[in-house]
Amino acid sequence: MSERPDAAFDRRMMQRALALAERALYRTSPNPRVGCVLVRDGQVLGEGATEEAGRRHAEIVALDQAGRRGLDARGATAYVSLEPCSHHGRTPPCADALIAAGVARVVAAARDPHPLVDGGGLARLRAAGVRCDCGLLEEQSRELNPGFFSRIERARPWLRLKVAASLDGITALPNGASQWITGPAARVDAHHWRARACAVLTGMGTVRDDDPRLDVRHVATPRQPWCVVVDSRLELSPQARVMHHARAGRLLVAHALDPAQAARRGAPLVDGGAQLLAVPADPHKPGKLDLLALLRLLAQRQLGEIHVEAGARLNASLLGAGLVDEWLLYQAPLLLGQGAGIAPFGPLQDVAQGLRLHRARVDAIGPDLRWTARLAP
């Protein structure tokens, strides 16, 4: 069955709105990336994408652009990659702005699952006589905002595990040396994934062994992600390079100590600007954090898309607990023989017990390969 005459146009306009949303990939956290296109009689009146948190949403950017051009939005169709909001947050409701502008129709890619919206925006528009359609290219909208949908719908973040390894699966030599396994192009590409994340998560072992900065340096970004260090005993040195996140007020140190111990051992970190995050201990692993509880606490802090750059032990713990959603593996054409593996969970008794990846894709990044894949939900 062929599409209705306007269905192909609707699709093109929504694809344009999604492309605008993708331009906001690095800047909107903790808000979703949203694009909006205002159209009347085939003419684009205005368009835009969500700005930094606390600033204009995509619908307002598009309406403002139309206004600056001297174009009236009355009777227009708004193509929006997520349902317009209907509540007062840091900004007024976008649904009200569209109604006030006289928009005749709204096409939304996906319903906003946030409990303060969750269909309320579309309901308010319909009550005002605005025709509304929802669901066009919904999967693409969700793909742009996995962290937002995950923290609202699952009460935990979307977890992406990044690893750089040799062709034989080695991430570090027996003496601990690990720089650089992959080439410059792969390292730049990895910073793209850091930049889009709400937070970069690592373990105390990685901080101790490598003293990484874990910030975004190789791509332009208006916002640095948070850094989260899993440090059950608060052993992080105030001189560690991740402490530059603390000076920017964007370092969380997750621990499992009682309040008195935490106050004593964490005082130098707090003085440096870090925030301490008390997490329940894992009942099955003395001295370790309950990782699911940690993720739920991060979601409560509106950190939805988590990018993990850690060592083999934390990687294995996250995989073994079923907490990894996405796999990001950079593989160099290099053989290293012996050393640390990617994530030595197990041992398994049968091949069928292995973690099966799906939606796998391989791309060449310079001389290296980048695998992206999903773990079965």
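Predicted model: local features only at pLDDT ≥ 70, side-chain atom pairs only at ≥ 80, totals over all residues.

Visitor: What is the phi of Ala155?

Guide: Most residues other than glycine have a negative phi. Ala155 is not a glycine, yet its phi is positive, at about 60 degrees.

Visitor: And Leu137, is that one buried or exposed?

Guide: Leu137 also has a positive phi without being a glycine, near 60 degrees. You'll find Leu137 in the loop between β5 and α5 (138–144). Its relative accessibility is 8%, and because the cut-off is under 20%, Leu137 counts as buried.

Visitor: Let's step back. How many helices and strands does the protein chain have?

Guide: The C-alpha trace of the protein chain spans about 65 × 50 × 35 Å along its principal axes. Within the protein chain, the secondary structure comes to 12 helices and 14 strands.

Visitor: What is the radius of gyration of the protein chain?

Guide: A compact globule of 377 residues would have a radius of gyration near 21 Å. The value for the protein chain agrees with that: 23 Å.

Visitor: What share of the residues is buried?

Guide: Contacts give some background here. Among those between residues at least 6 apart in sequence, 72% join residues at least 24 apart. As for buried residues, they make up 51% of the 377.

Visitor: How far apart do the centres of the positive and negative side chains lie?

Guide: There are 48 positive and 39 negative side chains in the protein chain. The centres of the two sets lie apart by 2 Å.

Visitor: Now a helix. Which residues of α3 are buried?

Guide: Helix α3 runs over residues 94–101. What covers its buried residues includes α2 (58–68), β3 (77–80), β4 and α4. The buried residues themselves are Cys94, Ala95, Leu98 and Ala101.

Visitor: Within what arc do they fall, seen down the axis of α3?

Guide: These buried residues line one face of the helix. That is because, seen down the axis of α3, they fall within an arc of 130 degrees.

Visitor: What covers the buried residues of α4?

Guide: In α4 (residues 120–127), the buried residues are Gly121, Leu122 and Leu125. They cover an arc of only 95 degrees around the axis, which puts them on the same side of α4. Their cover includes α3 (94–101), β4 (105–108) and β5 (131–134).

Visitor: Which glycine comes just after α4 with a positive phi?

Guide: Just after α3, Gly102 takes a positive phi of about 85 degrees. Just after α4, a positive phi of about 90 degrees belongs to Gly129.

Visitor: How far is Ala123 from Ser86 in space?

Guide: Ala123 lies in helix α4. Its relative accessible area is 44%, so Ala123 is partly exposed. In sequence, Ala123 and Ser86 are 37 residues apart, while in space, C-alpha to C-alpha, the gap is 9.1 Å.

Visitor: Which residues does Leu375 touch?

Guide: Leu375 lies in strand β14 (residues 368–375). At 12% relative accessibility, Leu375 counts as buried. Not counting residues up to four places away in sequence, Leu375 touches Leu319, Val324, Asp325, Trp327, Leu355, Arg356, Leu357 and His358.

Visitor: Which residue does a cis peptide bond join to Gln179?

Guide: Most peptide bonds are trans. The bond from Ser29 to Pro30 is cis, with omega near 5 degrees, and Pro30 is found in the loop between α1 (7–23) and β1 (35–40). The loop between β6 (158–166) and α7 (184–196) holds Trp180. With omega about -5 degrees, a cis peptide bond joins Gln179 and Trp180.

Key:
Residues numbered from 1 in each chain as written. Heavy atoms only, no water. Helix = DSSP H or I, 4+ residues; strand = E, 2+ residues; numbered from the N terminus. Rg over C-alpha atoms; globule rule 2.2 N^0.38 Å. Buried < 20%, exposed > 50% of the residue type's maximum accessible area, 1.4 Å probe, protein only. Contact = heavy atoms within 4.5 Å. Lys, Arg positive; Asp, Glu negative; His and termini not counted. Charge placed at Lys NZ, Arg CZ, Asp CG, Glu CD. Arc of directions from axis to C-beta.
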